[in-house]
Amino acid sequence: MKNYIATLVVVMGSCVTAIADVNPEILVLDNGMKFILLPRSEEPNSIAVGWVAKVGSVNERPGITGMSHFFEHLMFKGTNTIGTNNAEKDAEFTNTERVLRNQMLDIIWDEQYALFKLGEIDDPWDAKNDTPELSSLRKELQATMKSHRDVIVKDEFSSVYQGAGATGMNAFTSEDVTFYINQIPANKFELWCWMESDRLQNSVFREFFSERDVVHEERRMRTESTPTGVFQEQFNSMFWQASPYSWPVIGWPSDLNSYTLEEANRYFDVYYQPGNLIGVVVGDFQLQPIKKLIGEYFGQLEEGDAPPPPVPTIEPQQRAPQLMVVELDAQSQIEIRYHGVPFRHRDSYPLEVMASVLNGKTGRLYKAVVEGAEIANNARFTVDTKKYAGAVSFSATVKGDAKPEQLESAWYEQVDLLQNDSVSEYELEKVKNNIVADQFRQLQSNFFLMIQLGYGEAIGGWEAINESKDLLLAVTADDIKRVANKYLTKNNSSVALYNRSKNATPIDAQFEEELAAFSEEQQMMIKQALSELKAIPEEELLQTAAQMKVQAQQVPAEFKAVFDFLLKKLQERIDSLSNDLGSEEPAKTPVVEEVVEQNFVETNQKLELTAQQLAEATEFLASFQDKSLGELIQVEAALTMAATRVQGSDQVVLEYILARLTVLIAELENEN
Amino acid sequence: MFTTTLLIALIVTAPSSPYDIVFPEFVFTPPTASSFRETVSENTTVFIAEDRELPLISMVATFRGGSYLVPNSQAGLVSMMASLVRSGGTETMSAEDVDEQFAFLAANSSVGSDGATVVATLNSLSSNFEESFDLFLDMLQHPGFQESRVALAKDSAVEDMKQRNDEPSSILGRENSRLLFGNSYLGRNSTVSSIEPIDTKSLQEIHAKIINPSNLIISISGDFEKDEMLAFLSEKLNNWSRGDVSLDPPGVSSEYTPGIYYVEQDVPQGGVRICIRSMRRGDKDVAAAHIMNYILGGGGFSSRITQKVRSDEGLAYSAGSMFSPGIFGDGIWGAGYESKSSTVALAAKLIFDEIDRIKTILVSDEDLALAKSATIETLPSEFNSKADTLSVFVSDALTNQDPQYWETYRDKISAVTKEDVLRVANRILKPEEMYMLVVGNWDEIEVGDADGRASMEDILAIIGGSFTELPVLDPLTLELPSEQSLKTN
């Protein structure tokens, strides 16, 4: 067993670079489409495949926000051979629908928007405000769409893949990219070539209008029916002053209503030309036959006329701090966001290492606000590097009756430490040990390796996957101090304070409920003791609490709960005082909680996972602990539709993972 | 030679349809549990597989026994014990030191529980696996349940409870479990009064009951030599004294009253579940029921419910159904979707139309063929990686799965006929025995869509029973908030 005993540090030096380097074959077709091919033997049953279009909401403009994401939906509607039993009729219907819709739009622009501006109607798009002419056009459009279904073969695109045993067919859109992914049986690579090259050449955007309603529902689900959704959208728009990152990927509702088929076709021609696309294949395959098939199928795509236009806007330097204060029906929370750097920027590496020093159960944030001051349930710092710009942010959810402002002060103390003192050798070494191990962990799944390679290539170069570990391992304490001083400044910050609205559980009722957990005799004791504690002068409170903590060790077991409860109440009083006074947080006995595992358990009870499934999911999720919001959203998006396709037990695991990811993302989004 | 090349080039032009592609042969034989199964240290089952590509070792220790072992008054005890095994230190090390050691070793470890088992995982570099394993084992065998961490875990549980009603989707999930499984271990949730009494003693008792080698199944894969690893595990586990074997979880039967239930929430979209209790895993109709459900709503975009509700009408972003045969108790068939308030009823109507259709009209050959081939062709993906494969076998061992199950899986699916699908649809899809649960703005939902295509009255006529408002329960006690009582319209 001697190979298990070798120390980590030795291994770090010798093995990492030798084994964890990823060396894919790069293939560029004459039409400009680039392929990243990585043969691996570990998962012999399937191949992970995908292609990325280098287009996302950052390429949009006001009026067509959300177009990239909408497009992603349209790309599953089929082609002139897939999805219809009569291509000619199908095209006629599509054209009739287009004409009707454009007639409707003319009326909406001219009449409905005018009435809306005058305050005569509340919504220019709502059918209840239709003029008679608009109403009859709407009915005609609906009737046409209904007849159209006769020549549509429903969701044939998906059925072909499903029948062939594909398990991961899906797509997702971010600010920077649109990514179409799949996991196919090892012998069916040609099917993928056929289907994907077909939809890149012969796509038909049928069911344009009903699909737009689907996106409206998606928006209602993701943004409008969650307690923080719309506020996060507003915060994001406040944060980005000029950058197109300011609008949501899913788009503003009015824009979503106004897309036209002509606009969609233009968009396709510009952004889905082969020179703007990257294919990625990871799995158990032979290079030569795969390259041949790629050439035969994707080589047919026609080269574009001109490359897509650049994204020229550079976010101007923020000149003053910004603040947003929200009242909402959810746990009070905070996000403090700063402008950061784009993908592969040299400062992104010290920022990442700084994040690792701050995050995790043994990181600084947890020790300071979760186990130390006990004012947060969780806290994290994330680094989000996008294609053209980036952001870093601190976010946390408050514990008990603590105020987001307390977390704000606690964060500024952490910033102070980062800006003035060097992080310790021990902290750096611990972080770097994990960087090494995580480099291996991220290679465990073909599917996620495929996504990482494609995403990285689309926003700055796949080589980042190899380069980053060396650059991360080279980060010094001075580097971290430097970036802390450069980015974590007041004028570069935007703060969002989320307060649970007043009509939520009143404190008194909460006290009564807490009390109800005790026997009558204990309740008497508690009330008696509390009235005594109340009499203690403010200046003696801390001392009393300290004494009680010592006593707590010797309390008989049956009174332990009572004692803890009293201590908690005392602490609450201390907290509220220090809060009112705006003074420093009192020092407390360090304690740690398992926020993540608690959540695991909660979610898990609802989803009925078996032990093994839970283990799988837990291990899978562990690899996302310190990922950025962008990365998590990619993963979530990838999994969301996969969940509707995978079979049996995997589905439960996926749903569970999704539920957990949603929590993680919600936490992160408070920062972003 | 040249003509041959030319001939091949001519033949190898792209097929005009994806259905015409001739694929290379790919023979998949499901792996068998016995080829991965070993026994170490008297009687502990280990599923083991070498996987040498990356210098990592991944291990899962699964213990029989879960929340069904404690009464409702202790709901939450088992999961808290599990999380405190990980976070509460050991008898000889403080919790803080254990955390630091794992972090410094870059080893990931977690302990959690579901209703039926407690699962501990360890993922570490192979180079320091022994150190990580020793820490992991010490934590499992001699948890410290450090007081400060117990207190914090309890606080944290209460903090989580406070957020129970923040998301409409979590209300939907909770109320659905309660409707399906009532106060059994599957339907209940922890409350302040079940968490507050937890102390070191109760934690130690439940720990001793579950976390002992009599309940243990190990799975391990990664960068090691198999015989060496087995010898290593044998030696390490040898001194761990055995205890009682946990009984299987009790079979829970689902005892709801059919009808329409709703929870009032001020959101623009209603979240919906439509459910009915269903058959158990050993039932002869399970394969047919899977195929039926695939066609009806389980087959993603190809399924009828998704097509009608999502792509035809644009009423929902996700809409579909699931069929889950019960392992120890009743199974469930259920449909779910979310839709704007005015079209909640319309979407339900479309689903009941589809239920009616699959019960009265034989499915097409194409639908049947697609469902069968999708189910059969995705079987290999269950066994993608070594870790996937082992996890299937551990799960099978815990649930006493038929050892021939995977070997005969494809034959059972292939044998399903159109008549089977119709018959099983009639057997399990009885609207009058279903319930519908809606979380959303009831006043807007009840009236239905502006065109009068469906209102909730229409849906009630299908299901029967009555409209019942379920109050938003107090998040800490899960009891009625004061001055509010259950009202029936």
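This is a predicted model: local features need pLDDT of at least 70, side-chain atom pairs count only at pLDDT 80 or more; totals for chains, interfaces and linings use all residues.
Biologist: Let's turn to a single strand. How many residues of strand β8 of chain B are buried?

Modeller: Strand β8(B) spans residues 269-278 and is mostly covered. Gln269(B), Gly271(B), Arg273(B), Cys275(B) and Arg277(B) point one way, while Gly270(B), Val272(B), Ile274(B), Ile276(B) and Ser278(B) point the other way. Residues on both sides are buried, which gives a count of 10 of 10.

Biologist: Nice. Which residue is the bridge partner of Cys275(B) in β10(B)?

Modeller: Strand β10(B), residues 331-340, pairs with β8(B) in the antiparallel sense over 10 bridges. Within β10(B), the partner of Cys275(B) is Gly334(B).

Biologist: Which residue of β11(B) is the bridge partner of Arg273(B)?

Modeller: Strand β11(B) covers residues 435-440 and also pairs with β8(B), antiparallel, through five bridges. There, Arg273(B) has as its bridge partner Leu437(B).

Biologist: Now for chain A. Why is one side of β1 and of β4 left without a neighbour in the sheet?

Modeller: The open sheet has six strands with mixed pairing, in the order β1-β2-β6-β3-β5-β4. Strands β1(A), residues 25-28, and β4(A), residues 170-173, stand at its edges, so one side of each lacks a neighbour because each has a single partner strand.

Biologist: By what angle are neighbouring strands of this sheet turned against each other on average?

Modeller: For this open sheet of six strands in chain A, the average is taken with direction ignored. Neighbouring strands are turned against each other by 15°.

Biologist: In that sheet, which residue of β6(A) is the bridge partner of Ile36(A)?

Modeller: Strands β2(A), residues 34-39, and β6(A), residues 277-283, run parallel and are joined by six bridges. Ile36(A) has as its partner in β6(A) the residue Val280(A).

Biologist: Across which strands does helix α2 of chain A lie?

Modeller: Helix α2(A) is made of residues 67-74 and runs at about 170° to β4(A). The strands it lies across are β4(A) and β5(A).

Biologist: I like helix packing too. At roughly what angle do the axes of α10(B) and α17(B) cross?

Modeller: Helix α10(B), residues 286-298, and helix α17(B), residues 418-428, have axes that come within 9 Å. The contact includes Ile291(B) and Met292(B) from α10(B), and Val421(B) and Val424(B) from α17(B). The two helices are roughly perpendicular, with a crossing angle of roughly 90°.

Biologist: One last thing: what distance separates the centres of domain 2 and domain 3 of chain A?

Modeller: In the domain assignment, domain 2 runs over 84-152 and domain 3 over 322-502. Taken over C-alpha atoms, their centres are separated by 47 Å.

Key
Residues are numbered from 1 along each chain as its sequence is written. Chains are lettered from A and ligands numbered from 1 in the order in which they are written. Two strands pair if DSSP finds at least two bridges between them. Helices (H or I, at least four residues) and strands (E, at least two) are DSSP runs, numbered from the N terminus. Axes are lines fitted to C-alpha atoms, for helices over the stretch in contact, and angles run from 0 to 180 degrees between N-to-C directions. Two residues are in contact if their C-beta atoms, placed from the backbone, lie within 7 Å. Domain bounds come from an automatic or database domain assignment. Angles under 35 degrees count as roughly parallel, over 145 as roughly antiparallel, 65 to 115 as roughly perpendicular and the rest as oblique. A residue is buried if 20 or more other C-beta atoms lie within 10 Å of its own, exposed if 12 or fewer, and partly exposed in between; C-beta atoms are placed from the backbone.
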